[in-house]
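Subject: The structure I promised you

Hi,

Here is the structure we talked about, together with its sequence. Have it open while you read, and then go through my notes below.

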Amino acid sequence: MAGTTGKKEAEARGSDKTDATGKAGAAGTAGAEGAGGDGGKAATGKAGDGSGKAEDGKPDRWEAFASAPEPVPSRLGRAARAVGRLLVHEWTLAALASLALAVLLTWPTLRYPRHTLPQDYWDPSLQAWQMAWSGHILLTNPAQLWQSNTFFPEPWSFAFSDTLLGYAPAGMIGTGPEAAVLRYNIMFVLAHALATLGAYALARQLGAGRIGSAVAGVSFTYAPWLLAQAGHLHVISNGGIPLALAMLARGHGWSLRHGYRPERRHDGWVYTGWMVAAWQLSLGFGIGLPFAYFLAGTVLVAAVTWFLRRWVVRPVKRPFGRRLLIADLVGGLLFAGVGALLAYPFFTVAEAHPNAKRSIGDIAIFSPPASGFFTAPAESRVWGGLHEGARALLPWHPEMTLLPGFVLYALAAGGLFFSVWKLRHRLLLLAGVVVTMVLAMGTRFFDGTFTYVPLFEYLPGWNGLRTPGRLMLWTTLLLGLLAAGAVSAFATRVREISAERIPSWPSPWLRLATLLPLVLVIGEGLNSTPHPVVPPQPAAMRTVDGPLLVLPSNQSLDQPVMLWSTTRFQDVVNGGSGFTPRQLDDVRRVTLSFPDQVSVDYLRVLGVRNVLLMRDHIAGTPWEVTVDAPVDGLGITREEIGDVVVYRL
């Protein structure tokens, strides 16, 4: 019995010892887990309830070492975080920088945006009217789009010049001349911003760095030669060209630096690129037609490449992908359809007005010599005064001062030897620069016999391009890409040098050096463009019905008349465009003796009901003598409204 009792007591003592050891081990495990940072387990190993106490009610001594629980963001917090990421995204910053730069480098366009226009108030008045008319008629009677209220009673009069039809949505906002001027100035600034962003996007897609792409964007938009085009919004509105090319290249997974990468294809970008290209074409054929032929050539090269890769050289099943092929077919048909619909009215006008057709002689008048590539317009703040003598030697300097920038020339030349682009790509860009420069010279390069003249004679629509110098747009873009390659290589080298430094960070001087090319390009694009005040609308234009004729009438005076008509869009005989219809020429000739029986009868047959004679423009004209002459016996009445004499026929 005694032996049995002793054995039971020993087993009990062993059990107590084991229990104590087990508890200590559990506590140690729980402590280790707490220190490991699971953030909320109690000492007993239970899931933490946030009380910070062990099972026996005492504070957990390991709680202080636990990591804080991850806070769950609210819906507002998640939205704020998403907005923050969007605001610091590269493309947001690029868009904002392009807009800010456009406001600064076009200043003082937005200083008095309702009363002044850049360059002059002739062509800008015409283009302000174009936007207003397209917006007005698409809201009221879209079927009459091409039958505008000007050049009465001529049909298809909206197609007498480039239409800026793509800006029609802006034309739907506001009425009257002041709204039209404000709209024009806003679109003028936005066109500069889009051009910068588009060229930046193209350079980035092709493989350039951020600073190099910024140089390409700024040089494309603010090249000195474009300062002479400040009065031509249809020329300034070129940002859709590089933007569409960037989108198409992105959709096809292609870049200049990395070549074709099928895994990066995306048909959505292809559709968008073709739509942007169609929108660019709707702004005018003066810039859009060469772009259309460039796209057609690119499609032809791509089709040949597809055929070779599919059937001849290392056959690949569907080398571009079925979805991408469908996207190109649909997008290309959309682009071609828009082009055909827009071209029909212009071909109709050309057939009805033979005097609207250009000849090689007309092209020769505006063809610049080689010296024009090194001559800046008067609107250049940096070079304008220095090049005054060189401009005097040019027959028509507004279209012959084609300097893209000496800084751009230097950077592009450096890009031939030091660049992120491969040598063959640099040589292709150089070839493009030479070819586009030769074409921009029109008939000045060996009379254009083997260059411009064949395009003029055989390419549909090319004979409607009056000024070959505007092809300098393509030269500038190609020079910008060469420059982007050089600047990107320089920035890459700076990063390599900085990586060797301790600490690994470039000195302030190195950082500033990478920005120097951009600063120099911006500096060369500074303008001294005049911003004249637009002639105020006569009160009679707000009250007198049409059809009416405003005298005196000529190309310069008629363009503000078109702008004044945007209050009521009454029919007016006046109009300004790239050519003068013979009927308007006859009206101007016959009405030199107005008011007399011959001119009154002629205008009545034409359908004119009222004639407005502006006293402040008749000095030195026949009306200076006849303005106060009696109208008895002519069957018309005469009334004074402000400084305008109104004759009711």
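What makes Phe-151 worth a click is its phi, near 60°, which is a positive value in a residue other than glycine.

Before you go further, keep in mind that this is a predicted model. The mean pLDDT of the chain is 88, and 87% of its residues reach 70 or more. Residues 1-48 are another story: pLDDT stays under 50 there, and the model has 31 contacts beyond four places in sequence for this stretch. Where pLDDT is low, the predicted coordinates should not be read in detail.

Now for some helix pairs. Take helix α6 (residues 176-206) and helix α7 (residues 210-221), which pack at an angle of about 140° with their axes 7 Å apart. Angles over 145 degrees would count as roughly antiparallel, and α6 and α7 are therefore oblique to each other. Their crossing is right-handed. On the α6 side, the contact includes His-192, Ala-195, Thr-196 and Tyr-200, while α7 brings in residues including Arg-210, Ser-213, Val-218 and Phe-220. Sorted by class, the residues of this contact between α6 and α7 are eight nonpolar, five polar and two charged.

The second pair is helix α9 (residues 240-251) with helix α10 (residues 267-282), packed at an angle of about 165° and again with axes 7 Å apart. That angle makes α9 roughly antiparallel to α10. Here the crossing is left-handed. Look for Ile-241, Leu-243, Met-247 and Leu-248, among the residues of α9 that meet α10; on the α10 side you will find, among others, Trp-269, Trp-274 and Trp-279. The contact of α9 with α10 has eleven nonpolar, five polar and one charged residues.

Next, a sheet. Which order do its four strands follow? The order is β3-β4-β6-β5, in an open sheet with mixed pairing. As a reminder, strands of a sheet pair through backbone hydrogen bonds, either parallel or antiparallel. At the edges are β3 (548-551) and β5 (637-641), each of which pairs on one side only. From one strand to the next, the twist averages 20°.

Pro-552 lies in the loop between β3 and α21 (555-564). There is also a cis bond from Phe-594 to Pro-595, where omega is near 5°. You will find Pro-595 in the loop between α22 (582-590) and α23 (597-606).

One last stop: what is Ile-365 in contact with, leaving aside its neighbours within four places in sequence? The partners are Trp-396 and Met-400. Ile-365 itself belongs to helix α13 (residues 360-365).

Cheers

How values were computed
Residues numbered from 1 in each chain as written. Predicted model: local features only at pLDDT ≥ 70, side-chain atom pairs only at ≥ 80, totals over all residues. Heavy atoms only, no water. Axes fitted to C-alpha atoms, helices over the stretch in contact; angles between N-to-C directions. Helix = DSSP H or I, 4+ residues; strand = E, 2+ residues; numbered from the N terminus. Parallel < 35°, antiparallel > 145°, perpendicular 65-115°, else oblique. Left-handed = near helix turned anticlockwise from the far one by under 90°. Contact = heavy atoms within 4.5 Å. Nonpolar A, V, L, I, M, F, W, Y, C, P; charged D, E, K, R; others polar. Pairing = 2+ DSSP bridges. pLDDT = per-residue confidence, 0-100.
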